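Colleague: I would like to go through this model with you. Please set each label against its cut-off.

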Amino acid sequence: MLGLGGQVAREIDKLSARAVATPTKPGRHSDGGGLYLIVDPSGAKRWLFIYRRDGKQKEMGLGGLMSVSLAEAHR
C-alpha cells in the first residue's frame, strides 16, 4: 500500500489489549510505529520505543506491562 509521496504506509496499532495480556513467546512483538512489547524468557513484559535521531537508532524503555498499559504506551 502506498501512502502520500509514494511511501509505503506502515500498519500501526497491531496489538490489542487482549493480545498483550495473553502469554506470548519470548521476543519483540511490534505494534507498529516503533512501539514494541518485549517478552522475556521468564515471561516478564515491558514496552520499548525504537526511533532514529541524527541518523542513529535509539531505544527508550517505557516501563513494564503492569505499570504501563497499551493505551498509555501509545501516547
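Modeller: Helices (H or I, at least four residues) and strands (E, at least two) are DSSP runs, numbered from the N terminus. Residue numbers start from 1 along each chain as its sequence is written. The model is predicted, so local features need pLDDT of at least 70 and side-chain atom pairs count only at pLDDT 80 or more, while totals for chains, interfaces and linings use all residues, and side-chain values use heavy atoms, with hydrogens and water left out.

Colleague: How many helices and strands does the protein chain have?

Modeller: The count is 2 helices and 4 strands. Their order from the N terminus is α-β-β-β-β-α.

Colleague: Where does Asp13 lie, and what makes its phi worth a mention?

Modeller: Asp13 lies in the segment before α1 (17–21). Its phi is near 55 degrees, a positive value in a residue other than glycine. Asp54 also has a positive phi, about 55 degrees, and is not a glycine. Asp54 sits in the loop between β3 and β4.

Colleague: Why is Asp54 called exposed?

Modeller: Buried means under 20% relative accessible area, exposed over 50%, partly exposed in between (1.4 Å probe, protein chains only). Asp54 has 74%, so it is exposed. Asp13 has 47%, so it counts as partly exposed. Of the 75 residues of the protein chain, 23% count as buried.

Colleague: How do you know that Arg28 and Glu59 form a salt bridge?

Modeller: A salt bridge is a side-chain nitrogen of Lys or Arg within 4 Å of a carboxyl oxygen of Asp or Glu. Arg28 and Glu59 come to 3.2 Å, N to O, so the pair qualifies. It links distant parts of the chain: Arg28 in strand β1 (residues 27–32) and Glu59 in strand β4 (residues 56–64), 31 residues apart. At 47% relative accessibility, Arg28 counts as partly exposed. Glu59, at 46%, counts as partly exposed too.

Colleague: How many salt bridges does the structure hold?

Modeller: It holds 2. Asp40 and Arg46 form a salt bridge, with the closest N and O atoms 2.6 Å apart. Asp40 has a relative accessible area of 23%, so it is partly exposed. Arg46 is partly exposed at 37%.

Colleague: What makes Lys45 a buried charge without a salt bridge?

Modeller: Lys and Arg count as positive and Asp and Glu as negative; His and the chain ends are not counted. Lys45 is buried, and the nearest side chain of opposite charge, Asp40, is 11 Å away. The salt-bridge limit is within 4 Å, so Lys45 has none with Asp40. Lys45 lies in strand β3 (residues 45–53).

Colleague: Which backbone oxygen lies 2.9 Å from a polar atom of the Lys45 side chain?

Modeller: That of Thr22. Contact means heavy atoms within 4.5 Å. Not counting residues up to four places away in sequence, Lys45 touches residues including Val20, Thr22, Leu37, Val39 and Leu65.

Colleague: What makes the largest nonpolar core a core?

Modeller: A nonpolar core is a set of buried Ala, Val, Leu, Ile, Met, Phe, Trp, Tyr and Cys residues joined through side-chain atoms within 4.5 Å. The largest has 9 residues: Leu15, Val20, Leu35, Leu37, Val39, Trp47, Val68, Leu70 and Ala73. β2 gives the most, with 3 residues. Leaving aside neighbours within four places in sequence, Leu35 is in contact with residues including Trp47 and Ala73.

Notes
Polar contact = N/O pair within 3.5 Å; in protein donor to acceptor, adjacent residues only side chain to side chain.
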